[in-house]
Amino acid sequence: VRQKNAKSQNSNFDQFHPSNPESFIHWQGFLKSVDSYMSVQLSDVEEWIDGAMQGKLGDDVLIRCVTR
């Protein structure tokens with residue numbers, strides 16, 4: 001996954017789609033950063049449930065990876 005830039009803003013390669021394995025929810029946005037715990041920071045994020053967009057979550061979203 002590449003970071004968002006002006007030339008490739010509409011490219012599918014710029015999209016990042018983390019999913020919640022316990023439900024049919026996923027978030028779509030542009031990858032800004034990843035840390036060593038696999039937490040991700042996204043920009044221009046949309047939330048999708050059961051294949052339908054529910055709305056935009058914001059310009060900057062942090063999805064924290066928690067392992068059990």
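V45 touches W27, Q28, G29, G55, K56, L57, G58 and V61, leaving out residues up to four places away in sequence; contact here means heavy atoms within 4.5 Å. This is a predicted model, in which local features need pLDDT of at least 70 and side-chain atom pairs count only at pLDDT 80 or more, while totals for chains, interfaces and linings use all residues. Residues are numbered from 1 along each chain as its sequence is written, and side-chain values use heavy atoms, with hydrogens and water left out.

V45 is found in strand 3. Helices (H or I, at least four residues) and strands (E, at least two) are DSSP runs, numbered from the N terminus. V45 counts as buried because its relative accessibility is 1%; buried means under 20% relative accessible area, exposed over 50%, and partly exposed in between, with a 1.4 Å probe and protein chains only. The C-alpha atoms of V45 and L57 are separated by 5.4 Å, although the two residues are 12 apart along the chain.

The chain as a whole has zero helices and four strands, and along the sequence the pattern reads β-β-β-β. Of its 68 residues, 26% count as buried. The accessible surface comes to about 5200 Å², and carbon and sulfur atoms account for 52% of this. Accessible areas come from the Shrake-Rupley method with a 1.4 Å probe, and for residues only the protein chains shown count as cover. Among contacts between residues at least 6 apart in sequence, 23% join residues at least 24 apart.

V45 also belongs to the largest nonpolar core, whose six residues are W27, L31, V40, L42, V45 and V61. A nonpolar core is a set of buried Ala, Val, Leu, Ile, Met, Phe, Trp, Tyr and Cys residues joined through side-chain atoms within 4.5 Å. Strand 2 (25–34) and strand 3 are the elements that give two or more residues to this core. Strand 3 gives the most, with three residues.

E46 counts as buried because its relative accessibility is 15%. Leaving aside neighbours within four places in sequence, E46 is in contact with H26, W27, Q28, M53, G55 and K56. The side chains of E46 and W48 are joined by a polar contact of 3.3 Å. A polar contact is a pair of N or O atoms within 3.5 Å; within protein, one must be able to donate a hydrogen and the other to accept it, and residues adjacent in sequence count only if both atoms are side-chain atoms.

E46 also meets K56 in a salt bridge between their side chains, at 3.3 Å from N to O. The pair links distant parts of the chain, with K56 in strand 4 and E46 in strand 3, 10 residues apart. A salt bridge is a side-chain nitrogen of Lys or Arg within 4 Å of a carboxyl oxygen of Asp or Glu. K56 counts as exposed because its relative accessibility is 63%, whereas E46 is buried.

The count of salt bridges comes to two. In the other pair, D60 is bridged to K32, with the closest N and O atoms 3.0 Å apart. This pair too links distant parts of the chain: D60 is in strand 4 (residues 52–63) and K32 in strand 2, 28 residues apart. D60 is partly exposed, with a relative accessible area of 46%, and K32 is partly exposed at 36%.

Strand 3 and strand 4 run antiparallel and are joined by nine bridges; two strands pair if DSSP finds at least two bridges between them. The bridge partner of I49 in strand 4 is A52. D50 lies in the loop between strand 3 and strand 4 and has a positive phi of about 50°, although it is not a glycine. D50 counts as exposed because its relative accessibility is 59%.

Strand 3 itself holds D44, a residue other than glycine whose phi is positive, near 50°. D44 counts as partly exposed because its relative accessibility is 30%.
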